[in-house]
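Hi,

Here's the structure I promised to pass on. Have a look at it first, then read my notes below.

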Amino acid sequence: MGRITLDKVSKSFGDVEVIPPLDLTIEDGEFTVFVGPSGCGKSTLLRLIAGLEDTSCGHIRIDGNDATHVPPAKRGLAMVFQSYALYPHMSVRKNIAFPMKMAGVSEDEQARRIDAAAKALNLTDYLDRRPGQLSGGQRQRVAIGRAIVREPAAFLFDEPLSNLDAALRVGMRLEISELHKRLKTTMIYVTHDQVEAMTMADKIVVLRAGVIEQVGSPLDLYRAPRNTFVAGFIGSPKMNLIGGEEAARHGARTIGIRPEHIDVVEDSGTWQGTVGVAEHLGSDTFFHIHGTGLTETLTVRALGEVTLRHGDTIHLSPRTDQIHRFDAQGLRIE
Ligand SMILES: Nc1ncnc2c1ncn2[C@@H]1O[C@H](COP(=O)(O)OP(=O)(O)OP(=O)(O)O)[C@@H](O)[C@H]1O
Ligand SMILES: [Mg+2]
């Protein structure tokens, strides 16, 4: 079990309100990602759920029980941080056993859970090593192992992969997703990386300045961002936002079109401009285009290798059914 509900939960530090009252439900077994720019309150929200911060107002319920004033250790949640916080003088086995020892779990049961966690995380061969003898990715797996053996109602992750290099991050991202598929335990995962959010989440919560801008599945947010903030935040490279006459022609203050929804055509496109930087990734080419009269830089994604160079004229044709329209307040027009 691990259904978590926040009911008008708010948080102030002194007289600064960093999270105005918000409502949120995380369903049992769901993988929820909190995403948003630095300082938007992701960690604070997670720490409120964990009980590491007191709420200023409102109620937190875990499986229907009011947990608002329950101390962290009694909430049945396990938190994994960016810094692994392992005990350097203890073996991996002892590090993983530690929370169970504290909770008075029997030796036999400890051994059973360590064995299962080590198997799930590919740590079986490393149980007798110390953290200093492990790679960053292995250490992060030990930290996750230590969370797993507590058999929590939910896992809370705060940017657990941001200390790892890019390749390892992608690997660990898959491992955590697979772990979730196997354990089916509620997971709340904080990141500022929208690619992590898109690839891992069942449900994404986009935060800005402590306010929930949108909640939905990755594809909901991709297909129908509620406002220009979510439109610009979800998707890589970013959605192009265009104002002025071009937007007015579509009955909007701002229109949005993703780089992958603009086709490069031979000639007589709807728009044209001059190629600035071209990023050749092999599988795709990203063109940063100037002089379109639409926006300072228009980003376009072409599949595969397109041999246009810096300074070339490029002809473009937006897929009109993929244009998003926003009003003067930046809210989506359906
Ligand atoms: N203990 C504290 N006292 C005062 N202000 C705090 C405290 N902790 C956090 N804040 C403020 O609350 C806001 C939200 O911080 P939080 O750490 O939740 O952001 P975040 O979204 O996790 O950012 P990041 O992506 O940089 O980790 C920030 O403006 C921060 O300065
Ligand atoms: Mg944070």
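In E10, Gly216 is the bridge partner of Ile204. Before I go on, this is a predicted model, where local features need pLDDT of at least 70 and side-chain atom pairs count only at pLDDT 80 or more, while totals for chains, interfaces and linings use all residues. Residues are numbered from 1 along each chain as its sequence is written, chains are lettered from A and ligands numbered from 1 in the order in which they are written, and side-chain values use heavy atoms, leaving out hydrogens and water.

Back to the strands (DSSP runs of at least two residues, numbered from the N terminus; helices need at least four). E9 (residues 203-208) and E10 (residues 211-216) pair in the antiparallel sense over five bridges; pairing takes at least two DSSP bridges. In their hairpin, with two residues between the strands, Ala209 has a positive phi near 45 degrees. E9 also runs parallel to E3 (residues 31-35), joined by four bridges, and there Phe34 stands opposite Val205. Five of the six residues in E9 are buried, meaning under 20% relative accessible area (1.4 Å probe, protein chains only).

Then there's ligand 1. Its shell (residues with a heavy atom within 4 Å) includes Ser38, Gly39 and Gly41. Helix H1 (residues 42-50) gives the largest share, three residues. An oxygen atom of the ligand is 2.6 Å from a side-chain N or O atom of Ser38, and one is 2.8 Å from a polar backbone atom of Gly39.

Cheers

How values were computed. Buried < 20%, exposed > 50% of the residue type's maximum accessible area, 1.4 Å probe, protein only. Polar contact = N/O pair within 3.5 Å; in protein donor to acceptor, adjacent residues only side chain to side chain.
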